[in-house]
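Student: Could you take me through a close look at the aromatic residues in this model, and then show me what surrounds them?

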Amino acid sequence: MVLWVFGYGSLIWKPGFDFDEKVLGFIKDFRRVFDLACIDHRGTPEHPARTLTLEPKEGAVCWGVAYCVRGGIEKERATMQYLEKRECEYDKKALVKFYKEGESLKPYVTNVLLFISTPDKIANRYYLGPAPLEEMARQIATANGPCGNNRDYLFYLEKAMLQIGHEDDYVTELANEVRRVLGVLKDNKAFEPHFAVKPKLSLINTVPLLQAPRGDGPGFEIIT
């Protein structure tokens, strides 16, 4: 068995698991959005960070990196355990077609695992939804958590996209606005955190690990 995972956020620059192959490429009909709350890494329940998820958009192209994990069920199980803990804010998994750079007509892999979110604030408590650019930038500029601050997450992503040769205009625009907000906050030397979500959120239920690579269990959406 072989497990493929698509990284479109921090997995691009910090996968954190043992993989056997790394391929630069893209998936179709998705775009990045900073619409997901993070309360345990780069934010807190009282002042959540904004991190990435994907939303469907016909004709869009989302560049990133696909990682292949070979070596049997135990290695796949260890990878899934790591990913499900790290990606706990995502309540949905999908299997998508992945296209290698330079080969846009035929998929390189047809069943790549993707962690995404239900865009519904009732169904998914981690979903913040869209907001005006300045509001999002202020939230990102001021959120901090056990693993660091929110703005570094955005700046690392901006740098990672530049390094793989596929800048994301949305990421660049948001990063520039965060830098502007940081300049204002530095001049004012004060800010008041807000954007709180309910504390003590329970972890999202995930599918059994053995089902995850196959895509035939509950919690999966197969996107063709």
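**The aromatic residues up close**

Tutor: Happy to! In this predicted model, a single aromatic cluster is made up of Trp-13, Phe-34, Tyr-153, Tyr-156 and Tyr-170.

Across the whole structure, a search turns up 13 aromatic pairs. One of them joins Phe-6 and Phe-98, whose ring centres are 5.9 Å apart with 55 degrees between the planes, a tilted arrangement. Phe-6 belongs to strand β1 (residues 3-7) and Phe-98 to strand β4 (residues 92-100), so the pair links distant parts of the chain, 92 residues apart. Phe-6 and Phe-98 are both buried.

Phe-26 and Trp-63 make another tilted pair, at 4.8 Å centre to centre and 55 degrees between the planes. This pair also links distant parts of the chain: Phe-26 lies in strand β2 (residues 21-38) and Trp-63 in strand β3 (residues 49-69), 37 residues apart. Here too, both Phe-26 and Trp-63 are buried.

The axes of α2 (residues 133-142) and α4 (residues 169-188) come within 8 Å and cross at roughly 65 degrees, which makes α2 roughly perpendicular to α4. Their crossing is right-handed.

Methods:
Residues numbered from 1 in each chain as written. Predicted model: local features only at pLDDT ≥ 70, side-chain atom pairs only at ≥ 80, totals over all residues. Heavy atoms only, no water. Phe/Tyr/Trp six-rings, centres within 6.5 Å; stacked < 30°, edge-to-face > 60°. Helix = DSSP H or I, 4+ residues; strand = E, 2+ residues; numbered from the N terminus. Buried < 20%, exposed > 50% of the residue type's maximum accessible area, 1.4 Å probe, protein only. Axes fitted to C-alpha atoms, helices over the stretch in contact; angles between N-to-C directions. Parallel < 35°, antiparallel > 145°, perpendicular 65-115°, else oblique. Left-handed = near helix turned anticlockwise from the far one by under 90°.
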